[in-house]
Amino acid sequence: MGIKGIYTREDARKNKEKKLVIGENYHCIAEGAFQNNIKVRALYLDRNIREIRRKAFLNCTAIKKIEMPGVRVIGQEAFGGCVNLTGATLPDTVETMGNSAFSGCKRLTSVQIGKMSQDRVIRRDTFRDCVSLKDIQLPQKIKTIEDFAFYKCQNLSEFFFSKFIREIGNSAFYGCGFNELELPEGLERIGDSAFLKCRNLEYVRIPESVKSIEKWAFHGCNRMKVIEIAHEPENIGDWIINRSVTVRCYKGGKVDKYCKKFQFKTEYLSEK
């Protein structure tokens, strides 16, 4: 057994199994334990294993399936570059996932994170370049989606934003496949380039709770027809949309003046 219940890189070197079962005697997978391993195809972790440290399975290019029913902490780049991984089901016990936890998993199509998980943040680059990702379920109380979290997830066409979301980071959904968005009331910040080059997106309504729409937030969305901003955000960055988009807003307000500055087309809303 590894040091005090930690499955180490030395333990991993001894493994010859393609279907790997790590049992109840362990509570942690060490940093880089299986990094660059090209043998393991399926991974089954006992529910006593609570922590997977950074880079533990980085670039394990043969892994197709993982089960980890008791995990609480998934470290930075833990499963990054697992290019044959097709699905990931994470339990309610998950408390935190580090940056780039699943980045570059190019065949990953489905991720289910327990709804009752206490994690509040989808961190930077978590699913970056997961180009096949179509189905994602997040914990109910996610508040922040950090920079580049779903960068270039081009097959992600639907996404449920819970009422707890407060911030969408820079380039968080760059190049995703959305046709439409339902951004929730309660959202406060839409970051720089948050939805840049979402080329299928046609219509967006900005909730009245949004205080900041940063530059290029919806720029490069070439099919977009209308964006509705029925309030006066504190900050509106440069070129949030293409010139071809019509902005629905109130006549004479801050948004109207912004549109005149950038020569955007307007369609005025009726006063409340």
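Ser 100 counts as buried, at 12% relative accessibility, where buried means under 20% relative accessible area, exposed over 50% and partly exposed in between, with a 1.4 Å probe and protein chains only. This is a predicted model, in which local features need pLDDT of at least 70 and side-chain atom pairs count only at pLDDT 80 or more, while totals for chains, interfaces and linings use all residues. Residues are numbered from 1 along each chain as its sequence is written, and side-chain values use heavy atoms, with hydrogens and water left out.

**Residues with positive phi**

- Ser 100 has a phi near 60 degrees, a positive value in a residue other than glycine.
- Ser 100 is placed in the loop between strand 9 (96–97) and strand 10; helices (H or I, at least four residues) and strands (E, at least two) are DSSP runs, numbered from the N terminus.
- Phe 148, also not a glycine, has a positive phi near 60 degrees.
- The loop between strand 13 (144–145) and strand 14 (167–168) holds Phe 148, which is buried with a relative accessible area of 18%.

- Strands of a sheet pair through backbone hydrogen bonds, either parallel or antiparallel.
- Strand 2 (residues 19–22) pairs with strand 4 (residues 42–45) in the parallel sense over 4 bridges; two strands pair if DSSP finds at least two bridges between them.
- Within strand 4, Leu 45 is the residue opposite Ile 22.
- Strand 4 also runs parallel to strand 6 (residues 65–67), to which 3 bridges join it.
- Glu 67 in strand 6 stands opposite Tyr 44.

**The open sheet 8-10-12**

- Three strands form an open sheet in the order 8-10-12, and their pairing is parallel.
- Strand 8 (87–90) and strand 12 (135–137) are at the edges with a single partner strand each, so one side of each has no neighbour in the sheet.
- On average, neighbouring strands of this sheet are turned by 5 degrees against each other, direction ignored; the axes are lines fitted to C-alpha atoms, for helices over the stretch in contact, and angles run from 0 to 180 degrees between N-to-C directions.
- Strand 10 (residues 110–113) is joined to strand 12 by parallel pairing over 3 bridges, and Ser 110 has Asp 135 in strand 12 as its bridge partner.

- Gln 112 lies in strand 10, and its side chain makes a polar contact of 2.8 Å with the side chain of Asp 135.
- A polar contact is a pair of N or O atoms within 3.5 Å; within protein, one must be able to donate a hydrogen and the other to accept it, and residues adjacent in sequence count only if both atoms are side-chain atoms.
- Apart from neighbours within four places in sequence, Gln 112 is in contact with Ala 88, Thr 89, Leu 90, Asp 135 and Gln 137, contact meaning heavy atoms within 4.5 Å.
- Ser 117, in the loop between strand 10 and strand 11 (121–122), is buried with a relative accessible area of 2%.
- The Ser 117 side chain reaches the backbone oxygen of Val 94 at 2.4 Å.
- With neighbours within four places in sequence left aside, the contacts of Ser 117 are Pro 91, Asp 92, Val 94 and Pro 139.

**Cysteines**

- The count of disulfides is 0, a disulfide being a pair of cysteine sulfur atoms within 2.5 Å.
- The closest cysteine sulfur to that of Cys 60 is in Cys 82, at 5.2 Å, which is too far for a bond.
- Cys 60 is buried, with a relative accessible area of 1%.
- Cys 105 is in no disulfide, and the nearest cysteine sulfur, that of Cys 130, is 5.1 Å away.
- Cys 105 counts as buried at 0% relative accessibility.
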